[in-house]
Amino acid sequence: QVQLMESGGGLVQPGGSLNLSCAASGSVISIGTMGWYRQTQASGRVRELVARITRDGRTTDGDFVKGRFTISRDDAKNSVYLQMNGLNPEDTAVYFCEARITSNLGLADYWGQGTQVTVSS
């Protein structure tokens, strides 16, 4: 059984920063691309890409990031991180971690339960 667990969400004032973490646990053999997605009230059930990072470190950001967020990974810890700076109220959302993981059950995409980020004064 493989699980992803996010942490680091919370309430922050506009212009503030948060650092999200996500760790994979269980029977992980290897991890490919890892990413962060978010679900806002406006997007409904749609999860939009925030950022993703490949195993060799190539990154892709969502259009709204505009250099404010940085994704990184630590394969020794089976973890991915999202440093978010310059947060604004439009960034309020549930942030989900996603990873393509090879385990003893084969290759599959896994999602975390999500962590709430609220940007408000």
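**Entry 1**

I began with Asp-56, which forms a salt bridge with Arg-58, the closest N and O atoms being 3.3 Å apart. For this term I used the rule that a side-chain nitrogen of Lys or Arg must lie within 4 Å of a carboxyl oxygen of Asp or Glu. I noted that the model is predicted, that local features need pLDDT of at least 70, that side-chain atom pairs count only at pLDDT 80 or more, and that totals for chains, interfaces and linings use all residues. Residues are numbered from 1 along each chain as its sequence is written, and side-chain values use heavy atoms, with hydrogens and water left out.

Are Asp-56 and Arg-58 buried or exposed? I took buried as under 20% relative accessible area, exposed as over 50%, and partly exposed as in between, with a 1.4 Å probe and protein chains only. Asp-56 counts as exposed because its relative accessibility is 56%, and Arg-58 counts as exposed because its value is 54%.

**Entry 2: the other salt bridges**

How many salt bridges does a search of the whole structure find? I wrote down six. One of them joins Arg-38 to Asp-91, with the closest N and O atoms 2.9 Å apart. This pair links distant parts of the chain, since Arg-38 sits in strand E4 (residues 28–39) and Asp-91 in the loop between strand E8 (79–84) and E9, 53 residues apart. Strands here (E, at least two residues) and helices (H or I, at least four) are DSSP runs, numbered from the N terminus. I found Arg-38 buried, and Asp-91 buried as well. I also noted that Arg-38, Glu-48, Arg-68 and Asp-91 are linked in a network of salt bridges.

**Entry 3: Arg-73**

I then turned to Arg-73, whose place is in strand E7 (residues 69–74). Arg-73 forms a salt bridge with Asp-75, and their closest N and O atoms are 2.8 Å apart. Arg-73 counts as buried because its relative accessibility is 15%, whereas Asp-75 is partly exposed, with a relative accessible area of 33%.

Which residues does Arg-73 touch, not counting residues up to four places away in sequence? With contact taken as heavy atoms within 4.5 Å, I listed Ile-31, Gly-32, Thr-33, Met-34, Ile-53, Thr-54, Arg-55, Ser-79, Val-80 and Tyr-81. I also looked up Ala-24, which is 49 residues from Arg-73 along the chain, and the C-alpha atoms of these two are separated by 11 Å.

**Entry 4: charges over rings**

Next I looked for charges over aromatic rings, where NZ of Lys or CZ of Arg must be within 6 Å of the ring centre and within 35 degrees of the ring normal. Arg-38 came up again here, for it lies over the face of Phe-64, at 3.7 Å from the ring centre. Arg-47 lies over the face of Trp-111, at 4.8 Å from the ring centre.

**Entry 5: the disulfide**

My search of the whole structure for disulfides (a pair of cysteine sulfur atoms within 2.5 Å) found one. A disulfide is a covalent bond between the sulfur atoms of two cysteines. Here Cys-22 and Cys-97 form the link, their sulfur atoms 2.1 Å apart, and with -75° about the S-S bond it is left-handed. The pair links distant parts of the chain, with Cys-22 in strand E3 (residues 18–26) and Cys-97 in strand E9 (residues 93–103), 75 residues apart. I noted Cys-22 as buried because its relative accessible area is 1%, and Cys-97 as buried because its relative accessible area is 0%.

**Entry 6: how the strands pair**

Finally I followed the strands, where two of them pair if DSSP finds at least two bridges between them. Strand E1 (residues 2–7) is joined to E3 by six bridges, and the two run antiparallel; within this pairing, Ser-7 has Ser-21 in E3 as its bridge partner. E3 also pairs with E8 in the antiparallel sense over six bridges, and the partner of Asn-19 in E8 is Gln-83.

In which sense do strand E2 (residues 10–12) and E11 pair? I found that they pair in the parallel sense over three bridges, and that Val-12 stands opposite Val-119 in E11. E9 and E11 run antiparallel and are joined by three bridges, with Tyr-95 having Thr-115 in E11 as its bridge partner. Strand E11 (residues 115–119) has a covered face with Thr-115, Val-117 and Val-119, and an uncovered one with Gln-116 and Thr-118.
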